[in-house]
Amino acid sequence: MKQIETNRLILRMYSENDAPDVAGMCNNVSIYQHTLNIPYPYTKEDALTWIGFHDENRKNERMYDLAVTDKVTGELYGSVGISIHKAFNNGELGYWIGEEHWGKGYATEAAEAMIRFAFGEKGLHKVYARCFDTNPASGKVIEKLGMKKEGVLREHVKKDGAFVNLIHYGLLGSEG
Ligand SMILES: CC(C)(COP(=O)(O)OP(=O)(O)OC[C@H]1O[C@@H](n2cnc3c(N)ncnc32)[C@H](O)[C@@H]1OP(=O)(O)O)[C@@H](O)C(=O)NCCC(=O)NCCS
């Protein structure tokens with residue numbers, strides 16, 4: 001796929017060379033505690049395994065995971081992804097940013113571009129996102145994206161043995 005350009009960022013496919021930087025950022029309890037599929041501790045091998053799935057996921061149009069990088073320096077800041085459910089023509093948005101880069105608007109800028117890709121190139125009908133109710137930063141990003149809160153999925157998932165609430169947000173293509 002072509003890379004996606006925004007004001008400050010380039011979103012591109014990962015390569016194995018990104019594994020040390022991915023591991024450096026994901027080996028962080030502040031990322032682990034707000035996500036469901038990122039292990040802790042997180043090793044370079046975990047990153048290589050994850051990156052190893054990307055090509056097939058993209059070929060099957062199942063999932064697009066893109067590296068969020070600086071347009072000028074190429075520095076990796078984090079990740080944005082969309083997981084596509086073809087039967088319903090919708091997709092779930094996800095993202096993380098390395099903690100040293102938080103608060104600079106990168107998650108919002110990358111996610112906006114991913115939503116444009118989802119509605120434009122992929123022709124999806126709806127994009128949705130879910131976050132723990134204990135994750136106000138992600139809730140803020142989702143609201144800045146113009147998504148509407150559709151409800152709270154009470155004790156829907158388990159994190160470290162405890163059930164947690166998920167806030168569910170959605171955006172229709174006609175609203176995007
Ligand atoms: C959520 C996350 C991706 C945000 O990345 P980011 O690049 O810092 O996000 P942005 O800078 O685009 O926007 C963050 C917004 O949240 C706000 N925010 C941050 N912490 C907050 C808090 N504790 N309470 C309320 N708002 C908060 C910021 O002020 C900012 O809003 P503003 O632009 O109005 O000031 C990042 O914190 C992260 O990777 N967290 C761990 C992984 C994760 O939670 N992923 C999402 C799972 S659903």
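The axes of helix α1 (residues 19-26) and helix α3 (residues 44-59) come within 8 Å and cross at roughly 115°. Axes here are lines fitted to C-alpha atoms, for helices over the stretch in contact, with angles running from 0 to 180 degrees between N-to-C directions. The model is predicted: local features need pLDDT of at least 70, side-chain atom pairs count only at pLDDT 80 or more, and totals for chains, interfaces and linings use all residues. Residues are numbered from 1 along each chain as its sequence is written. Helices (H or I, at least four residues) and strands (E, at least two) are DSSP runs, numbered from the N terminus.

The crossing of α1 and α3 is right-handed, that is, with the near helix turned clockwise from the far one by less than a right angle. In α1, Ala 19, Pro 20, Val 22 and Ala 23 meet Lys 44, Asp 46, Ala 47, Leu 48 and Ile 51 of α3; contact requires C-beta atoms, placed from the backbone, within 7 Å. Seven of these residues are nonpolar, none is polar and two are charged. Ala, Val, Leu, Ile, Met, Phe, Trp, Tyr, Cys and Pro count as nonpolar, Asp, Glu, Lys and Arg as charged, and the others, Gly among them, as polar.

Eight strands form an open sheet with mixed pairing, in the order β1-β2-β3-β4-β5-β6-β8-β7; strands pair if DSSP finds at least two bridges between them. Because β1 (4-5) and β7 (148-159) stand at the edges, each with a single partner strand, one side of each is left without a neighbour in the sheet. Strands β5 (residues 90-97) and β6 (residues 126-132) run parallel and are joined by three bridges, and Asn 90 stands opposite Lys 126 in β6. Helix α4 (residues 106-119) packs on the sheet, and its direction makes about 160° with that of β5.

Tyr 95 lies in β5 and counts as buried because it has 23 C-beta neighbours inside 10 Å, the threshold being 20 or more. Beyond four places in sequence, its contacts are Gly 78, Ser 79, Val 80, Ala 107, Ala 110 and Ala 111.

| Class | Residues in the shell |
|---|---|
| Nonpolar | 11 residues |
| Polar | seven residues |

Of the 20 residues around the ligand, His 34, Ala 107, Thr 108, Pro 136 and Lys 140 come nearest; a residue is near if its C-beta atom, placed from the backbone, lies within 6 Å. The largest share, five residues, comes from α5.

Key
Contact = placed C-beta atoms within 7 Å. Buried ≥ 20, exposed ≤ 12 C-beta atoms within 10 Å, placed from the backbone.
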